[in-house]
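Hello,

I am passing a structure on to you, with some notes on what turned up in it. Please have a look at it first, then read on below.

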Amino acid sequence: MGFLDFLRNKTSGPTPSRADRGLLLFENTSEVIRAEKVLRAAGFEVAVKGPPPEVRTGCDLAVEYPLIEGLNILRHLDEARVPPLDAIPVTGPLLTPVDLYHVKDFGDHLMVRAANMKVTVDKRTGVIVNVSGGGCPDVPWLAARLIGQRLDEAPSPRDTGHTLCGYALGLAFEEMKRLCSPS
Amino acid sequence: MLAIVGTVPDPDLPIVEGEALLEGAALMVAGRRIPTDRGTPALLAAACAASATLGLPAPHAFLVGDQGLGHGSRALYAHLTDTLPGRDIATLVFHYLMPDVMWHDKVLFAVETMAARPRLIADAGFMYAAKMSGQASAYDLFTPDAGELAFLADETAPHPFYTRGFILHDDNNVPDLIRRAYGGGNAARCLLVKGSVDHVADAGGVLHTVDSPCEEALEAMGGTGDTVAGIAAALVEGGLSVAKAAHLAARANRLAGQLACPNPGSRIAEIVVHIPQALKQAMNGTGQ
């Protein structure tokens with residue numbers, strides 16, 4: 001079988017990959033319906049599905065959403081006052097966001113990495129001097145807005161980013177703030 | 001032809017394509033001036049510098065504005081699926097794009113209908129989509145950093161954000177993570193893993209390591225991973241095997257870094273300007 005046939009089979013099969021999808025879990029069905037309405041109105045590709053048994057919370061419905069756009073979607077739901085109980089990957093319902101940080105001290109500079117995202121600060125001034133890593137398109141956009149700003153004055157990427165890379169950068173940013181805060 | 005696909009953090013930029021020319025610290029594409037600070041413009045800048053050094057034509061850019069909402073990426077995906085089948089491209093690089101499995105599959109399908117299949121290189125968001133789609137092995141080269149290698153090695157993770165801690169913690173053991181990535185079918189035919197030591201590997205294991213010259217500050221600088229991918233792409237276009245190109249690119253990128261004498265706050269344009277000299281040194285086997 002040639003690669004084209006392989007690809008054709010993969011793309012025209014009955015179960016296309018859902019690896020880039022996530023599920024939003026809610027307390028009850030009316031919240032699911034409200035959330036779906038809010039997200040559809042904002043232009044997101046969402047669908048109502050049944051959650052897997054291991055994460056069922058009592059509500060038999062969940063909202064399937066584009067996983068990578070999770071940060072932006074959660075912000076929309078917060079603003080609409082219908083935040084989910086949890087947001088999980090379809091293919092790994094028990095996976096949790098990264099909570100491991102790598103810290104590297106360059107002397108005058110400190111770098112924190114969370115997952116694939118790194119932020120570096122000049123310890124003498126508290127100014128963000130670099131942002132690196134990541135692969136989603138909001139990373140260069142966020143980097144341009146963070147670099148040159150003082151850590152205590154810069155907007156959190158969790159408030160301004162849109163994707164999971166933005167979310168990871170937000171975690172690195174907040175860990176950096178914790179490390180640099182006087183204790 | 002070497003073609004490079006990606007996004008620019010300017011939501012007002014429509015789809016533009018054409019020859020990419022390096023003018024100082026900016027690129028000119030289809031009459032538009034684009035800063036090369038990081039991301040796909042940094043990769044393109046490095047590819048321009050390396051291509052000129054190798055005597056190759058300037059790379060062809062497919063660019064669109066996208067600040068993370070995905071609208072630009074999806075428009076560019078649609079453009080590619082419409083236009084790639086009629087194109088003559090020898091080396092095709094996919095970079096900062098919104099990871100989207102459905103669009104990934106459509107673009108790869110369009111590639112497979114091209115008269116001659118290009119060598120495929122993926123980094124950043126499109127590499128994430130390639131892994132998620134289960135079709136990583138269709139690619140000739142991935143260029144992950146340590147965090148992204150852990151993501152490739154974790155067969156359950158749909159994005160680096162969800163890489164399991166016991167794998168993420170293991171980033172000092174790059175050869176094991178490479179084995180794990182190939183074991184799960186989540187690696188391209190060749191990997192260039194960027195880190196304090198760069199590793200070039202295939203399914204048989206590590207082929208080359210590059211650890212000198214060592215400029216620690218490069219790890220903190222945005223865009224240094226992009227420049228190494230751009231140099232590798234130009235070398236592949238120049239006719240080198242993918243593994244040899246990756247090996248030389250890793251060495252040239254480090255030499256360019258050394259020539260720039262960077263600190264963790266340095267900008268990528270300070271590296272790009274040294275790529276021609278660094279690439280010549282790497283090809284001649286000279287340099288510190």
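On the S8(A) side, A:Lys118 has A:Ser132 as its bridge partner.

A word on conventions: this is a predicted model, where local features need pLDDT of at least 70 and side-chain atom pairs count only at pLDDT 80 or more, while totals for chains, interfaces and linings use all residues. Residues are numbered from 1 along each chain as its sequence is written, and chains are lettered from A and ligands numbered from 1 in the order in which they are written.

Back to the strands. S6(A) and S7(A) run antiparallel, joined by six bridges (strands pair if DSSP finds at least two bridges between them). Two residues lie between them in their hairpin, where A:Ala115 has a positive phi near 55°. S7(A) also pairs with S8(A), again antiparallel and over six bridges. That hairpin has four residues between its strands, and A:Gly126 in the turn shows a positive phi of about 75°.

Now the two chains: 51 residues of chain A are in contact with 52 residues of chain B, contact meaning that C-beta atoms, placed from the backbone, lie within 7 Å. Helix H4(A) gives the most to chain A's side, with six residues.

Enjoy exploring!
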